[in-house]
Amino acid sequence: MGSGGQRRGGEPWWLALRFSVMLSCVGQISAQIKYSVPEEVKVGSVVGNVAKDLGLDITSLHDRRFRIVSGSKDAQFEVNQNNGVLYVHKNIDREELCENVSPCLMNLKMVAENPMEIHYVGVEIIDVNDNSPRFKEEEKMLEIPESTLPGRRFQLPTAHDPDVAINTVRVYKLSQNEYFSIQIRERGEDKMPSLVLQKSLDREKEYEHNLLLTAVDGGNPPRSGTLNVTVIVLDSNDNHPTFSQDVYSVTIPENVHADTSVITVKASDIDEGANGQIEFLFGGQLGQEIYDIFSLDKDTGEIRVKGEIDFENVEVYKLDVHATDKGQPPMSTDCRVIIKVLDKNDNKPQIEVTSLSNTISEDSKPGTVVSLISITDHDAGLNGKVICSLSENVPFDLKPSFQENMYSLILKHHLDRESVAHYEITITATDCGQPPLSTFKTLSIDVSDVNDNVPTFMHNPIEFYLLENNVPGNPIFSVTATDVDLNENAALTYHIVREERSQVKITAFLNINSENGVITALKSFDFETVKTFQFQVVATDSGTPSLSSNVTVNVFILDQNDNAPVILYPVSSNGSAEGVEEIPRNVNAAHLVTKVRAYDADIGYNGWLLFSLQEVTEHSLFALDRYTGQIRTLRSFTETDEAEQKLVILVKDNGNVSLSATATVIVKVVEPKEAFAASDVKSATNDDEESNVTFYLMITLASVSALFLISIIVLIAMQCSKSTDYTSKYLQETNYDGTLCHSIQYRSGEKRYMLVGPRMSIGSTIVPGSHANTLVLPDRRRTSTEVRAFSPTS
């Protein structure tokens, strides 16, 4: 109302008024006239006609100087000297004049002079509801613990209303809320408001309550004043810490470095201060290994790797983490942290051979199980998926089992120990990780032998060459077979097939060592009697059942120089090699005197005869043909030449140790007439002799021819039953050229051979090392090879 300024300006008047009132109370308790006027009426408002009410003459009021003498010049009331009306001179504020005094009565002392009259007029200031209730503070703050029980009262400030009576504060009202109500207690004339807690507070739900307290007076219309009441809810440790998640799940790769952050658990406590300060720790039920692997920051809740993370040891870690506040008593809660370990491909596959047959028989059927193999990989997923393979070019295969990563090593193809006796099988196990890891394992498998191979001879037929005159009881040659099997399956024994046919009766004179195949002759062979024979040798192994094979052995007897030359001409009547030839003295040079004829039962070089003059009377007269034995004159005879010439002819074969014979020819030189006559006589004699010689030659040739014919028939029969590579043909060739010569030609394999008699054929070649009686004939069809011969000494 702006009464503050009026109070300060009217304070002297107020003191005077109080003084006059006091006087009036002393001198006259009640005024003679009493008016009432409401406060705050307009200045100039008429309170009453004092003069009229006092019975004074209105016309004399001015002269009598009718006036109010109580109070100051700033008094609220004045009297009009013209009409005696008491009017409001100044704004009336009851609260300034009377404060809390009720009723508010102002006593005015009025004086009229001539004659002096003193009148007392009382003016009661009627209170008007012109003031609102007011609180000393604009805001009231209360701190109430949230643990306070309902029903608790909290004193609130009272409102002051300078108005009185009904216009003062009559009621307090509280703004609508669910926790508090207002309670009014009266202390005398004052009304004391109290805040009553109706419901338990929850700071975490609402930590501050803003209330409005309204004081309302009893005026009409009522006036009010408000007070902002702020209730601060003080925290109590009534809330557990709360994790942001009940279950935390995180995935980390294995083999992460130490001090790697795994996850940070977050917890909150809606309490305040120490009640809301949280510490984190692992649950007490965890094993010690958890503390060795993980660490937990008690302030931040961060979990870090401390030890080694290995998926193969633990795939999932389940940790209990407790969150505890620092209240008294402390409250806690927990959460579950699931740490899944992500597998890395850090483990190679492992190959385990659960069973293995180190030896497998070569006659095992395909599909035979050799080994059981287990593959393990401690990694997971593709890192643990393993692909197995075998080394190439092995007759084995891996067959997967119904159980994962189990395999059977089975035989895929038939085995042949003789081809491959041992297998080194490399098993490769590779996982599907990135990058893939591999493991290798080598299995050693031996192939055991079965008796599936017959003994084998290197050549069939076998041809051996044996020198005649061998020592009985000594080995003459050997046969050897091989068996690619092992042990007893390859242990061979030999025996000769004994047949009853006449052409093989010679085997009765042969003996064979059953262990080494060395053949011993129980008799000495004579080339001149037997030139070739054939038999069969059987080689048998010791397997079960045993297997055997045979070989045909063709034996060729080789000639030795064991026959000396035989002089066929000249032969005397007593059988000595001596003859007499008569020739005319007038013969010319190159005249054929005679021809020495000789025979050697041996062949080849051993039967090749050479003629030479061992003794001669006159070297200049006669010449001897080295090869034919013809004796011819070198020149004509002279008168000085002796009539009888003696020639001793040496006939020598070409054996290693040559054998020889001598013939003596007496040449008588006669006159031509005598020679002619003698020639007639001699011719008759010679005819007889020639007829005898011819007879002997025919017998000899017939025998030799028959022998060779038999040999040719035998060889042809062998050729028909054998391969052409090993056929032998004996061709008899008889050549008479002063010396009885013969040869045997035959073919063996790709070579053509000829056994030559005393006289070699033109174009023949001596084979070195052929015991000097075997020649090789040129063959335009094939390349010559050499016939093998057995030497007892070799």
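Me: In what order do the strands of the open sheet of three strands with antiparallel pairing stand?
Reply: This is a predicted model, in which local features need pLDDT of at least 70 and side-chain atom pairs count only at pLDDT 80 or more, while totals for chains, interfaces and linings use all residues. Residues are numbered from 1 along each chain as its sequence is written, and side-chain values use heavy atoms, with hydrogens and water left out. Strands are DSSP runs of E with at least two residues, numbered from the N terminus, and two of them pair if DSSP finds at least two bridges between them. The three strands of this open sheet pair antiparallel, in the order β36-β40-β39.

Me: Which strands are the edge strands of this sheet, each pairing on one side only?
Reply: In the order β36-β40-β39, the strands to look for are those that pair on one side only. The edge strands are β36 (475-478) and β39 (510-512).

Me: Which residue in β40 does Ile 512 stand opposite?
Reply: Strand β39 is joined to strand β40 (residues 518-521) by three bridges, and the two run antiparallel. Opposite Ile 512 stands a residue of β40, namely Ile 519.

Me: Why is one side of β35 and of β38 left without a neighbour in the sheet?
Reply: Four strands form another open sheet with mixed pairing, in the order β35-β42-β41-β38. Strands β35 (462-467) and β38 (492-496) stand at its edges, so one side of each has no neighbour in the sheet, because each has a single partner strand.

Me: How far apart are the sulfur atoms of Cys 98 and Cys 104?
Reply: A disulfide is a pair of cysteine sulfur atoms within 2.5 Å, and by this rule the count comes to one disulfide. Both Cys 98 and Cys 104 are buried, where buried means under 20% relative accessible area, exposed over 50% and partly exposed in between (1.4 Å probe, protein chains only). Their link is right-handed, with 65° about the S-S bond. The sulfur atoms of Cys 98 and Cys 104 lie apart by 1.5 Å.

Me: Is Glu 186 buried or exposed?
Reply: Glu 186 meets Lys 191 in a salt bridge (2.6 Å, N to O), a term for a side-chain nitrogen of Lys or Arg within 4 Å of a carboxyl oxygen of Asp or Glu. Lys 191 counts as buried at 17% relative accessibility. Glu 186, with a relative accessible area of 56%, is exposed.

Me: How many residues apart are Glu 272 and Arg 203?
Reply: The side chains of Glu 272 and Arg 203 meet in a salt bridge (3.2 Å, N to O). Glu 272 lies in the loop between β20 (267-268) and β21 (278-282), and Arg 203 in the loop between β14 (190-197) and β15 (208-217).
Reply: Rings of Phe, Tyr and Trp (its six-membered ring) pair if their centres lie within 6.5 Å, and planes under 30 degrees apart count as stacked, over 60 as edge-to-face and the rest as tilted. Phe 135 lies in strand β8 (residues 134-135) and Tyr 172 in strand β12 (residues 169-174), so the pair ties together parts that are 37 residues apart in sequence. Phe 135 is buried at 10% relative accessibility, and Tyr 172 is buried at 4%. The pair is tilted, with 6.2 Å centre to centre and an angle between the planes of 50°.
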